[in-house]
Amino acid sequence: QVQLVESGGGLVQAGGSLSLSCAASGSTISDYTMGWFRQAPGKEREFVATIPWTGGRPYYADSVKGRFTISRDNAKNTVYLQMNSLKPEETAVYSCAATTKISSRWSEDYDYWGQGTQVTVSS
């Protein structure tokens, strides 16, 4: 079992940056591929980024490529999401998740989820 707790959300102006963290406990994240997803009000959950446990390359949604960076520090049992050049339409609850699959953009493949952190981008 993995418990995940996100932090770092908040209010930022369009074009600004935020850095999210996802701290894990109960198990080491080195055994898991970690992902970030987001869900805006009235919309379905959307894949953002994933970083495999194998140490392979991260994978991003097209909409965030070049602006977001996912990283992991297995020693700290923490995953990060650096978000730059944020847009108002990216206002959402951002959640991290863990899976034993090598890589996946599908939320149904993820077994463990955090409660999410709110990111609000003002125009």
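Me: Where does N77 sit in this model?
Reply: In this predicted model, N77 is in the loop between β7 and β8.

Me: Buried or exposed? I mean N77.
Reply: N77 is buried, at 14% relative accessible area. The cut-off for buried is under 20%, so 14% qualifies.

Me: What about the phi of N77?
Reply: Positive, about 55°, although N77 is not a glycine.

Me: How accessible is S85?
Reply: Partly exposed, with a relative accessible area of 39%.

Me: Where is N84?
Reply: N84 is in the loop between β8 (78-83) and β9 (92-99). N84 is partly exposed, at 29% relative accessible area.

Me: What does N84 touch, beyond residues up to four places away?
Reply: G16, S17, R67 and F68. With S17 there is a side-chain polar contact of 2.9 Å.

Me: How far is N84 from V48?
Reply: 13 Å, C-alpha to C-alpha. In sequence, N84 and V48 are 36 residues apart.

Me: Switching to strands. How covered is β4?
Reply: Mostly covered. Six of the seven residues in β4 (33-39) are buried.

Me: What does β4 pair with?
Reply: β9 is one partner, antiparallel, with seven bridges. Strand β5 (residues 46-51) is another, also antiparallel, over five bridges.

Me: Which residues are bridge partners there?
Reply: R38 has Y94 as its partner in β9. M34 has I51 in β5.

Me: How many residues lie between the strands in the β4 and β5 hairpin?
Reply: Six. G42 in that hairpin takes a positive phi near 75°.

Me: Now I70. Which strand holds it?
Reply: I70 is in β7, residues 68-73.

Me: How buried is I70?
Reply: The relative accessible area of I70 is 3%. That is under the 20% cut-off, so I70 counts as buried.

Me: What is I70 in contact with, leaving aside neighbours within four places?
Reply: M34, W36, A49, T50, I51, P58, Y60, V79, Y80 and L81.

Methods. Residues numbered from 1 in each chain as written. Predicted model: local features only at pLDDT ≥ 70, side-chain atom pairs only at ≥ 80, totals over all residues. Heavy atoms only, no water. Helix = DSSP H or I, 4+ residues; strand = E, 2+ residues; numbered from the N terminus. Buried < 20%, exposed > 50% of the residue type's maximum accessible area, 1.4 Å probe, protein only. Contact = heavy atoms within 4.5 Å. Polar contact = N/O pair within 3.5 Å; in protein donor to acceptor, adjacent residues only side chain to side chain. Pairing = 2+ DSSP bridges.
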